[in-house]
Amino acid sequence: MDLNEDKVLAVALSPAAESLEEVTVQADNKVKESKVTQMSTVRINPLDIQDIPALLSEKDVLKTLQLLPGIQGGSEGSSGFFVRGGTPDQNLIILDDATVYNSNHLFGFFSVFNGDAIKSVEAFKGGFPARFGGRLSSVIKIDMKDGNKERLSGKINVGLISSSALLEGPINKGKTSFIVSGRRTYADVLAQPFLDAEDGSGGYYFGDLNFKVHHIFSPNDKIFWSNYFGRDKFYSNNEYDDGDSDEANIIWGNITSTLRWNHQFNNKLFSNTSLIYSNYNFNVSLEDNFDENRFFFETSSGIDDFSLKTDFDYYPNARHTVRAGIAATRHQFTPRRVLLEDEFSDNIDTEQELNSFEGAVYLEDDWKVTDKLSLSPGARVSLFNYRATNYLNFEPRLAMAYNLKPDLSLKASYSRMNQYIHLLSTSGIGLPTDLWVSSTDRVKPQTSQQFALGVAKDFFDKDYSVTLEGYYKTLDDVIAYKEGASFLALDDLESGRSVAWEDNITSGKGWAYGAEILLRKQSGPLTGWLGYTLSWSERQFDELNLGRKFFDRYDRRHDISLVGIYKPSDRFTLSATWVLATGNNYTLPNLQRLENPGSFPIASQSFFGSGLVPTEDFTTQRNNFRGETSHRLDLGVQFHKKKKKNRERIWGLSVYNSYARRNPFIYTIEEGDPVGEEPNRTVAKELKRVSVLVLIPSINYTFKF
Amino acid sequence: MIRHLTFFLFLGWCSIGCIDTVDPDELLDVGEKTYIQSYLSPSDTVITVYVSKALPAVGTPLSFDNPESGFESFVIEDAQVVISDESENEILLPYDTETLSYRVDATEFPIREEADYFLNVSVNGRNYSASCSIPKKVSELTGTFTERPSGDGFSEVELNVAFDDLAGESNFYIVGAQVLVEQEEESFSFPLDFELDRFVSDANADGLTLGASTLYGFVDSNQEQEAVSLTLQVANVGEDLFQNLRTSYLNDFNDGNPFVEYSIAPNNIVGEDGVGVFAGYQLTEQEITYNPNDI
């Protein structure tokens with residue numbers, strides 16, 4: 001055989017029996033933080049997601065991420081998350097290269113990711129490699145499984161409010177595989193027997209479907225086609241005896257599709273080329289038929305992305321790993337479409353559409369300078385075009401690691417990020433009413449710079465690791481609604497006027513800084529981690545809070561997560577999580593004064609209530625109220641029973657918030673009941689705390705085959 | 001039946017939240033403050049300063065059976081209130097029990113355009129101060145009416161009030177109008193509501209024509225209509241006054257809407273635990289006549 005070029009040679013082996021001495025295999029696939037240049041990164045094992053106790057047994061990727069330092073949840077039960085002082089829209093969530101715009105079901109109580117179908121989860125909080133861009137605060141990279149090319153296998157999970165099924169296997173053994181998984185709630189079906197038929201029908205459900213096909217053309221060429229479809233729907237239909245009827249629907253959801261070709265040029269050069277489609281849509285419709293008159297109202301908003309990207313990985317020698325690539329995305333935004341049909345007034349059909357282009361090129365190198373020093377320099381150039389406006393930005397990236405000892409390294413990083421699309425949110429809890437909008441000639445891109453410094457220590461013999469990081473991040477041109485504005489205030493439905501969303505937002509600056517520590521054990525019967533975050537997050541807008549600096553809503557000073565998974569045998573899994581977080585900031589009126597009628601000559605219609613003593617509540621400081629500290633303990637146990645032919649049955653029991661802590665969801669101020677005896681009764685306003693999710697047990701059954 | 005009921009209760013238990021009353025002491029600033037508000041204008045016949053208590057919104061018991069005693073909880077009757085000008089002329093304002101304010105006739109201390117004024121208030125040994133300038137007056141107002149058919153023979157009438165911005169500086173305006181109704185035995189007027197449009201500023205429009213619109217009403221196109229007199233009003237106000245009125249309007253309008261952030265009240269009172277607004281304004285009024293038959 002002449003070896004003058006790369007050859008592929010298939011060698012067939014004849015089976016023969018051989019008696020060997022005992023062989024001990026020690027596998028270690030856990031990441032050693034001291035060996036990696038990249039900092040501010042966390043990888044989650046999908047199997048851990050299955051073991052950690054979850055609300056109503058709905059295993060959730062994003063809820064698991066919230067248990068890591070630097071990644072904080074929003075409101076109680078919400079899957080929205082805030083990374084190092086950022087906001088939910090500053091997190092780039094990608095599923096097989098496709099951007100997912102709204103990652104929430106049921107107002108954030110559950111995420112859209114079905115844990116059964118996930119192969120890997122990687123979260124970047126800082127030190128972003130140049131291949132990532134477009135968001136300021138984090139990148140959550142989720143990859144789906146490719147499917148089992150050797151045998152058909154699957155899983156069925158039945159829970160309290162939803163069930164899921166997964167099936168994967170070969171289409172062409174060894175060459176082509178598929179994986180399909182689906183999930184649907186059935187709360188609406190279960191509730192039907194309890195609803196009076198005369199009240200009509202109504203309910204809520206959500207569903208997900210993941211589908212992927214993976215094919216190997218040759219050792220040098222592989223292709224996959226990965227798809228996601230998800231929907232949430234509230235609906236209500238009523239028909240009355242007199243023939244009148246009304247119908248209301250609220251629907252939202254995502255669609256993503258990625259077609260990716262992986263090509264190996266030679267043993268040093270690889271490429272991935274992807275064609276990607278991503279969609280998010282939110283729609284509200286109301287229809288009344290009353291006395292033969294019809295009223296129909298529909299509003300919708302959405303975003304469509306069409307992307308093409310190519311990435312190259314080049315390994316010139318053992319000391320360099322070079323990556324380069326180019327990406328182009330066409331964004332089609334529809335921030336608002338209103339359709340109104342009414343017998344008593346003119347019909348209204350208005351639509352806002354924003355089309356824009358976003359592109360980037362990047363180059364990065366993971367360079368092992370010496371045995372102790374590693375550098376990862378990178379650069380990304382991004383371009384955004386909206387009509388006649390162009391934004392061109394240079395984004396330098398740098399990460400470095402120095403091994404003081406083989407198991408101890410010092411790390412530092414710098415990254416500059418730009419974000420060209422924004423989420424208008426008045427609640428921060430991931431409502432479907434949140435609007436995605438584009439940078440325009442009036443709304444500049446958001447930018448950030450982040451410096452981070454850290455230490456990583458591995459205890460090889462015990463398989464522990466400790467990382468300690470400090471960060472400082474500045475944010476520019478971040479946007480927020482002006483005071484008194486929200487998406488509900490944007491339109492005057494009676495006149496059909498549509499106020500431009502740009503007139504209702506304002507831009508400002510932000511600062512976020514803090515420290516995180518993560519102590520992790522990744523192998524053995526007992527695994528888990530302890531994370532602690534100390535952080536500050538501030539904002540300043542000229543048009544908010546009278547131009548003064550203020551603490552951001554999700555400025556949580558302390559955040560602690562303790563996660564433990566104990567597997568004494570392959571028949572039991574015990575798990576527990578304990579979390580503590582200091583309160584969010586809210587704006588509540590803390591003062592009241594007398595109304596002063598007649599003090600200004602131009603009168604306005606006063607909405608003030610007749611109140612016994614006409615007073616007006618007010619405050620002079622935004623986010624003046626810090627809520628109470630939240631903490632809870634979740635417990636879980638799983639009973640495994642392995643059966644023949646690789647089948648397994650698992651019963652799971654869990655309790656969410658097991659000591660029934662009444663953690664705050666929102667606060668309100670309401671008038672209390674009169675106190676005392678007539679004619680000397682008094683009444684005072686009270687601060688009320690609304691808590692949800694107090695002591696929620698659940699059970700689920702899983703069957704694997 | 002019992003199984004269904006148990007299931008329903010279980011679902012309810014999962015979904016319904018708990019509501020508890022919380023002691024605000026360590027969570028919310030519940031200290032009492034002194035509230036001071038005064039708007040000065042050359043067109044006013046009386047100079048008025050309101051000095052009262054700003055009590056904690058939460059936990060302050062007010063009378064349920066006797067509202068007058070509730071007022072007393074807020075009143076400050078023994079403050080010393082002095083207004084002075086750039087030439088150090090000053091006047092002491094006495095307390096008026098009828099209006100619960102400190103006031104003096106404007107003839108005793110004329111307020112002049114583009115002049116600076118200073119307020120000093122002493123309450124229980126605490127001193128508060130503030131200053132303001134009196135802005136210029138808008139010269140001329142224009143009112144135009146636009147009719148649009150609204151069905152069944154009626155027309156919707158919109159009033160637009162327009163004026164020229166005073167160029168070269170940041171300006172804030174409040175727009176309004178009063179409709180005069182003359183009847184045989186008496187006459188009265190009522191204000192038109194410009195809603196949020198009443199708050200106009202010259203941001204990105206310095207020196208241009210500004211304005212605000214509102215729905216005047218509906219007229220029957222098939223019938224002869226009587227002419228109506230209106231008084232158009234535009235006040236050029238200090239920014240703190242503008243924000244104060246706008247904040248009150250927004251918070252009241254959005255009351256109960258969980259999607260809207262609470263608006264922040266301005267404060268230009270200097271002194272510990274002092275809050276409020278001391279500002280100046282100039283009012284321009286113009287009478288016009290609306291004759292529906294002419295449109």
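A:Arg183 is buried, with 7% relative accessible area, where buried means under 20%, exposed over 50% and partly exposed in between (1.4 Å probe, protein chains only). The model is predicted, with local features requiring pLDDT of at least 70 and side-chain atom pairs pLDDT 80 or more, while totals for chains, interfaces and linings use all residues. Residues are numbered from 1 along each chain as its sequence is written, chains are lettered from A and ligands numbered from 1 in written order, and side-chain values use heavy atoms, leaving out hydrogens and water.

The side chain of A:Arg183 meets that of A:Asp208 in a salt bridge at 2.4 Å, N to O; the term stands for a side-chain nitrogen of Lys or Arg within 4 Å of a carboxyl oxygen of Asp or Glu. A:Asp208 lies in β13(A) and A:Arg183 in β12(A), so the contact ties together parts 25 residues apart in sequence. Strands here are DSSP runs (E, at least two residues), numbered from the N terminus. A:Asp208 is likewise buried, at 5% relative accessibility.

A salt bridge also links A:Arg539 and A:Asp552 (3.9 Å, N to O). Both count as buried, A:Arg539 at 4% and A:Asp552 at 11%. Over all chains, the search finds 38 salt bridges, and A:Arg84, A:Lys125, A:Glu469 and A:Glu516 are linked in a network of them.

Turning to strand pairing (at least two DSSP bridges between two strands), β14(A) and β15(A) run antiparallel over 17 bridges, with A:Lys222 opposite A:Asn262. Their hairpin has 5 residues between the strands, and A:Gly243 there takes a positive phi near 95 degrees. β15(A) is also joined to β16(A), antiparallel, by 20 bridges, through a hairpin of 4 residues.
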